[in-house]
Amino acid sequence: MSLDIPSIEKSLLTGTWPANQDESSSATLKIAKSLFDGEFESVLTSGPAQTLFKPHANIDIDSSSISGLFNPQASLSDDAAEGELLCLMIAVSCLHAFVQANWTGPDLSITPLKVLTQSSDHTSSLSDDILDQKAIFELAHGGEPAYHLAKHSTFLRIAQILLSQAFTHIATVNWWQLRIQIVHQQVLDEPVYVPSDDLGSFASIESLYSSEPELVGRLRLEQGLLQHLFTQDKAAEYFVRAARATGLQYELSGALGKRTKFQQTDLSQLVVLAQSRLSIDDHVTSPAVEEEKDQNVPETLALNDDTLLEHTQFTSSNSDPSNKSILSHLDPSAQPPLHPLDQSILLGMCLNVRNTSPLHGLTSEEMLPYVSRVISHPRNWSVHTMALLLRSRLESSRTRTVERATLQLQALVDQMPTADSTVPERLRYFHEILLPSKWDMEKELAERYISLGVVKSSLEIFERLEMWEEVVKCWVSMEQPEKGFRIVVDLLEGHKLESEAVIKRGKASSGDRRKVLDINREAKLLCLLGDLEPAKAVEHYERAWEVSKHSSGRAMRSLGGYYFARAEYAKAIECLQKTVAINPLLSRSWFILGCSCMRLEDWEGARNAFSRCVAIDEEDAESWNNLASMYLRIGAKPKPKSSTDDEEDPSFTYSTESAKSIPYENKMLAFRALQRGLKHSYDNWRMWSNFMVVAMDVGQLAEAGRALGRVVEETVDKAGAKAVDEQVLERLVDGVTRAPSNLEEAVEGGDPQSAVLNPNEGHGLLRSVLDLFERTILPRVSSTRIFRAYAKLLTWQGRWDDALKAHLDSYRSSSAGTMEKGETDVEKWREAITEVEDIVDVLRNFGPRVDGFKWKLQARSIMRTFIGRTKDFEDEPEWSRLTDLQEDLRKED
């Protein structure tokens with residue numbers, strides 16, 4: 001009987017055994033069935049596995065790599081396609097065994113040593129510790145070490161080796177390589193970017209399963225999760241495409257409801273309305289599984305708060321004819337269950353909200369409805385665990401929910417070793433979520449304890465996990481840095497055994513066994529030592545670089561930061577360039593590199609560095625601001641330095657003179673960069689000020705007006721009238737008034753109804769400039785130039801009464817209007833005469849246009865008051881100008 005290999009491949013991806021498949025008909029099918037049932041020991045000790053793991057003759061165990069301990073290219077069957085399928089199943093079995101040991105639990109019943117020595121005589125010279133040490137060393141990537149206490153890491157390395165072989169009959173190898181890559185990234189200290197070309201194309205897989213919405217949805221979701229690990233913006237796109245593939249209908253909406261026990265009035269609450277198109281029972285293999293499902297999920301702890309309700313109580317919704325949403329028929333308080341894959345997609349979207357808006361206050365409010373929608377209908381152990389974990393994170397910052405958040409996290413950590421659900425149930429949707437490993441979850445629990453001030457308990461967890469950097473931080477927070485320093489030195493010198501008993505005693509071990517450290521871990525400890533011992537920091541960092549064989553990005557990152565802090569920018573650039581070459585995902589390294597280039601006036605280098613910063617973190621407003629500055633610097637002619645220049649200040653003054661030499665393209669690039677940055681730094685008045693000037697220069701007057709308003713709002717309390725850039729304000733008014741005041745004359749064709757107004761001039765700009773005056777500036781600031789500019793705008797509109805009032809306000813705030821009796825400054829008095837003449841001319845011109853306004857009386861009053869206050873200057877030649885003007889006013893009667 002021939003094997004249906006494509007069907008088995010598909011079943012491997014979904015983790016479900018075909019109901020019509022009889023495993024007794026073939027030995028290969030028996031192995032496949034054991035894999036689906038989570039019986040990895042049966043798979044890894046089967047005949048084909050023994051053939052595959054048969055070691056080479058006369059191998060040197062000590063110097064051999066993991067791949068040298070067995071023959072990954074061994075023939076497992078006379079049929080090439082069946083042989084490749086067996087190799088794939090053994091690789092998947094190794095991968096899932098590693099995941100079970102470190103993520104989902106319960107504990108494994110098989111070890112790598114048993115697998116690799118079942119057909120070997122090398123048992124005496126091998127041990128699981130030796131194998132895992134080799135695997136941890138080989139799993140280090142991009143200068144980032146793998147977590148050294150990961151259990152049975154040899155299984156992950158074997159899976160990598162097997163799936164790196166050439167496959168010609170298996171169509172889904174790239175997909176399994178993607179899954180291994182996601183697991184591998186979570187084992188590393190920091191994710192290391194992998195180019196998409198290294199993972200191959202998934203187009204052929206999508207085409208192959210184009211009629212299988214669940215499989216296409218899984219693939220796109222997993223691609224998005226990998227991008228999420230790299231903090232790439234593309235993750236959101238993949239999550240949306242996954243939802244589109246499965247037919248998931250969802251929307252973040254609002255519904256009336258109550259959140260507290262004493263709330264009397266229903267208020268609008270955020271809610272995610274969602275509905276699956278996938279069959280809910282597709283993932284159930286038997287009625288027995290369906291019956292036990294509710295008991296096979298982690299416990300959801302109750303809130304037990306005296307004010308908050310356990311769940312938001314939504315008002316039962318009735319069909320609203322005005323609501324055209326396709327989900328308007330759903331009752332927020334009684335939504336249908338979702339397919340576990342769709343639940344995973346919603347959790348992915350929830351993760352993306354946090355990834356793109358980590359600093360926003362609304363982030364947790366927006367994430368919680370996604371999580372609540374998943375928690376309301378538990379369908380799978382792993383998915384429900386992830387949902388509870390996300391809720392725990394969201395609730396950790398709230399006073400009323402922090403207790404449940406911590407207890408829930410502790411419960412999730414405690415459940416891992418238990419057997420409250422089957423292995424297949426835990427693994428079925430593991431690849432569709434980013435469930436943290438056991439050590440990451442315990443680390444998160446320890447960090448939660450630190451946030452609550454329980455440092456001693458967190459220290460015990462970090463010591464057990466042998467996360468020495470965190471241990472040192474704990475000792476420093478307890479004002480005992482010397483203990484942290486002693487731990488690092490003892491580890492490097494081999495005097496300390498990494499055991500809980502020795503650490504608790506706080507003494508160095510007298511044992512003669514030196515702890516074996518791979519080069520990446522030793523380099524990391526040396527960097528930590530450099531952080532603790534600034535006097536010898538350079539020595540420790542350089543030694544770490546050499547020990548790691550020039551692969552430790554952390555060493556160069558620390559050394560670059562050290563040189564930058566001491567203004568040795570050329571050395572900092574050299575170190576940081578090595579850092580970003582090893583791991584190009586660290587935005588902080590790119591930022592310091594860009595700042596170092598700025599200090600040395602390497603504008604092109606700085607621009608490239610800041611471009612990488614914003615590509616990695618779109619919300620890095622400071623990098624957007626610096627990037628804009630670099631665009632302007634590149635085009636500007638260098639300004640000769642003077643002895644008074646502050647060499648330590650790299651800031652760029654965007655003046656009229658410097659702007660002339662900058663190409664328009666560079667100005668527009670700077671404008672767009674500042675526009676992007678201000679989305680994430682709305683309260684930064686300096687960025688708004690830069691944006692205002694650049695916007696004026698590129699003709700974006702509406703944006704310049706908005707920026708001026710923000711500068712005034714942020715700085716008026718401290719700067720007063722100086723908060724207003726009066727020159728910019730006058731140019732905005734000129735932008736309006738240079739167009740004809742008659743709208744029909746201002747638009748082409750003379751048809752205002754169909755005309756599209758330019759928002760940066762004339763009538764299109766008028767509304768925003770008026771709002772700027774009337775809502776932002778005038779309620780806060782008054783000055784002669786501001787009132788004069790406002791009067792010019794009102795005059796253009798033909799609002800003579802308001803324009804006259806604005807001119808009078810301008811006069812009252814001028815030198816003439818504020819001059820007191822006894823003034824002795826002659827120059828100020830002469831300027832005031834001109835101002836008096838101007839206001840009289842305004843009254844002559846505008847007064848007759850305002851019905852009922854006695855302009856002559858107003859003009860005589862101004863003259864009489866001014867002359868009365870300045871009689872001390874009647875001997876000056878200019879005094880005759882005042883008397884002549886007063887006489888002219890009398891004659892006009």
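Predicted model: local features only at pLDDT ≥ 70, side-chain atom pairs only at ≥ 80, totals over all residues.

1. Two strands are taken as paired if DSSP finds at least two bridges between them. Strand 1, residues 249–260, and strand 2 are joined by nine bridges and run in the antiparallel sense.

2. For the chain overall, the secondary structure amounts to 44 helices and three strands. Of its 893 residues, 52% count as buried. Among contacts with a separation of 6 or more, 66% come from residues 24 or more positions apart.

3. Which residues of helix 36 are buried? They are Glu726, Val728, Leu729, Leu732, Val733, Gly735, Val736 and Thr737. These buried residues pack against four helices: helix 34 (685–697), helix 35 (701–719), helix 38 (762–777) and helix 39 (784–797).

4. The whole structure contains 48 salt bridges by the search used here. One of them joins aspartate 107 and lysine 438, with the closest N and O atoms 4.0 Å apart. This pair links distant parts of the chain, 331 residues apart: aspartate 107 is in the loop between helix 5 (80–104) and helix 6 (112–116), and lysine 438 is in helix 20 (residues 438–451). Aspartate 107 has a relative accessible area of 51% and is exposed, whereas lysine 438, at 16%, is buried. The cut-offs behind those words are over 50% for exposed and under 20% for buried.

5. A salt bridge also forms between the side chains of aspartate 306 and arginine 400, at 3.0 Å from N to O. Aspartate 306 is in the loop between helix 14 (287–292) and strand 3, and arginine 400 is in the loop between helix 17 (381–395) and helix 18 (402–415), so the pair ties together parts 94 residues apart in sequence. Aspartate 306 counts as exposed at 51% relative accessibility, while arginine 400 is partly exposed at 42%.

6. Arginine 830 and glutamate 878 meet through their side chains in another salt bridge, 3.4 Å from N to O. Because arginine 830 lies in helix 42 (residues 826–846) and glutamate 878 in the loop between helix 43 (855–869) and helix 44 (879–891), the pair ties together parts that are 48 residues apart in sequence. Arginine 830 is partly exposed, with a relative accessible area of 26%.

7. Some salt bridges are joined into a network. The residues linked in this way are Arg179, Glu214, Arg218, Glu222 and Glu432.

8. Is alanine 97 buried or exposed? Its relative accessibility is 0%, so alanine 97 counts as buried. The residue belongs to helix 5. Beyond its neighbours within four places in sequence, alanine 97 is in contact with Phe40, Leu108 and Phe155. From alanine 97 to leucine 156 the C-alpha to C-alpha distance is 8.4 Å, although the two are 59 residues apart in sequence.

9. Serine 34 is part of helix 2 (residues 27–36). With a relative accessible area of 14%, serine 34 is buried. Setting aside residues up to four places away in sequence, serine 34 touches Glu39, Ser42 and Val43.

Terms used:
Residues numbered from 1 in each chain as written. Heavy atoms only, no water. Helix = DSSP H or I, 4+ residues; strand = E, 2+ residues; numbered from the N terminus. Buried < 20%, exposed > 50% of the residue type's maximum accessible area, 1.4 Å probe, protein only. Contact = heavy atoms within 4.5 Å.
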